[in-house]
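Welcome! Here are some exercises for getting to know a new structure, each with a solution that goes step by step.

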Amino acid sequence: MSLNGKKLGFIGGGAMAEALLTGITGAGLLPAQQIMASDISEQRRAYLKEKFAIGVTTDNSTVINHADIVILAVKPFVMSEVLAETGSRFSSGQIVISIAAGISTTYIEKYLAGQVPVVRAMPNTPALLSAGATAVCCGRWALDRHQQLALSLFSAVGRAVPVPEKLMDAVTGLSGSGPAYMYIIAEALADAGVRMGLPRDVALILASQTMLGSARMIQETGRSPAVLKDMVTTPGGTTIEGLFALEESGIRAAMYRAVERASRRSAELSGEAK
Ligand SMILES: NC(=O)C1=CN([C@@H]2O[C@H](COP(=O)(O)OP(=O)(O)OC[C@H]3O[C@@H](n4cnc5c(N)ncnc54)[C@H](OP(=O)(O)O)[C@@H]3O)[C@@H](O)[C@H]2O)C=CC1
Ligand SMILES: O=C(O)[C@@H]1CCC=N1
């Protein structure tokens, strides 16, 4: 199943929809005339129309009537209201892709009449630069071709992998929320440089480029982070002192805890969505 000629719709045109729209239109995946978004905010609709030249509407059903692929991009707590209003309008020839944290495919399917394919995806904001990380899983009526289509869509805005749905909360805790962890590390690294006397702008360039370069080293050399860390670490040198300080401060446990807490929150959201 190809994206060629397909019409795409977004219900909810907020931060994540904007990141995806930037990646999708920037990659030339679909022309703007084939894309429509609904949002309750007048200001948001005007902004999206101006920025992407896509169709915009207040009416979520108009998006469903327009699109072959409908991305549900509202906050999890708004999902029940949106699905109660629109669920019966979807047909089995369409694909629903939900990006909402913690909302299961079963939950969405309850609101849909008939055998509508549902794909659940967890992207992240670097999709804006076509550097996103997305995991997808399939609902009851989604076939391999629907999953492939979702993977093609999200691959256009970064890397996309399939996972079983039981792992989606873990994905949310790792890569969905992960950019925020990376920003806090970049900010702290730059602050630490400022503390040691570097000008703020220089410190931020050095911190962010170090993160970017290190991530590329992992992906492009195929070497493990452990091997790459050892390459930096001269015996008796500077790096091992820095690493010792990080270990003393519990950096690894802090990461474990962050991913565990965020994953747990994702699981809680599914319980809260009535
Ligand atoms: N931000 C991120 O990094 C990621 C977010 N997600 C998921 O994406 C989804 C959207 O998140 P995000 O983009 O950050 O949220 P935003 O709040 O930025 O976007 C949601 C948009 O939907 C609008 N909206 C609210 N109610 C309705 C409605 N009934 N019909 C149509 N539009 C409506 C909101 O308007 P208003 O603001 O006026 O209420 C807002 O503009 C969430 O479910 C989140 O879990 C997934 C991965 C990463
Ligand atoms: O914080 C959140 O709930 C959303 C989901 C993943 C990233 N942002």
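Ala, Val, Leu, Ile, Met, Phe, Trp, Tyr, Cys and Pro count here as nonpolar, Asp, Glu, Lys and Arg as charged, and the others, Gly among them, as polar. This is a predicted model, in which local features need pLDDT of at least 70 and side-chain atom pairs count only at pLDDT 80 or more, while totals for chains, interfaces and linings use all residues. Residues are numbered from 1 along each chain as its sequence is written, and chains are lettered from A and ligands numbered from 1 in the order in which they are written.

**Exercise 1. Describe the shell around ligand 1 by residue class and by helix.**

Step 1. A residue belongs to the shell if its C-beta atom, placed from the backbone, lies within 6 Å of the ligand. By this rule 28 residues surround ligand 1, and the closest are Gly12, Gly14, Met16, Ala100 and Ala101.

Step 2. Sort the shell by class: 15 residues are nonpolar, nine are polar and four are charged.

Step 3. Now look for helices, which are DSSP runs of H or I with at least four residues, while strands are runs of E with at least two; both are numbered from the N terminus. Helix H1 (15-26) and helix H4 (79-86) each give at least two residues to the shell. H1 has the largest share, with three residues.

**Exercise 2. Which residues lie around ligand 2?**

Step 1. The shell of ligand 2 is made of Ala101, Thr172, Gly176 and Ser177.

Step 2. By class, one residue of this shell is nonpolar, three are polar and none is charged.

**Exercise 3. Find out where the residues of the UniProt "binding site" annotations sit.**

Step 1. Read the record, keeping in mind that its positions are given in the numbering used here, its feature names are shortened, and its annotations may be inferred rather than shown by experiment. An unreviewed UniProt entry lists Ile11, Gly12, Gly13, Gly14, Ala15, Met16, Ala73, Val74, Lys75 and Pro76 under "binding site". These residues span 66 residues in sequence, yet no two of their C-alpha atoms are more than 13.9 Å apart, so they gather at one spot.

Step 2. Check Gly13, which is in the loop between strand S1 (8-11) and H1. A residue is buried if 20 or more other C-beta atoms lie within 10 Å of its own, exposed if 12 or fewer, and partly exposed in between, with C-beta atoms placed from the backbone. Gly13 has 27 such neighbours and therefore counts as buried.

Step 3. Compare Lys75, in the loop between strand S4 (69-72) and H4. Lys75 has 14 C-beta neighbours inside 10 Å, so it counts as partly exposed.

Step 4. Turn to Asn60, which the unreviewed UniProt entry also gives as "binding site". Asn60 is found in helix H3 (residues 60-66). Asn60 is buried because 24 other C-beta atoms lie within 10 Å. Two residues are in contact if their C-beta atoms, placed from the backbone, lie within 7 Å. Not counting residues up to four places away in sequence, Asn60 touches Ile11, Ser38, Val82, Glu85 and Thr86.

**Exercise 4. Which members of the largest nonpolar core touch the most other members?**

Step 1. A nonpolar core is a set of buried Ala, Val, Leu, Ile, Met, Phe, Trp, Tyr and Cys residues joined through C-beta atoms within 7 Å.

Step 2. The largest core has 60 residues, of which Val70, Leu72, Ala73, Val96, Ile97 and Ile99 touch the most other members. The largest share of this core, six residues, comes from H1.

Step 3. Take Val96 as a case: leaving aside neighbours within four places in sequence, Val96 is in contact with Val70, Leu72, Phe90, Ile108, Val116 and Val118.

**Exercise 5. How is the protein chain divided into domains?**

Step 1. Domain bounds come from an automatic or database domain assignment, which gives domain 1 (8-170) and domain 2 (178-270). Their centres, taken over C-alpha atoms, are 31 Å apart. Eleven residues from domain 1 and eight residues from domain 2 take part in the contact.

Step 2. Look at residues 165-269, which the unreviewed UniProt entry annotates as "domain: Pyrroline-5-carboxylate reductase dimerisation". This span is 82% helix and 0% strand, and its end C-alpha atoms lie 15 Å apart.

Step 3. Of its 274 residues, 36% count as buried.
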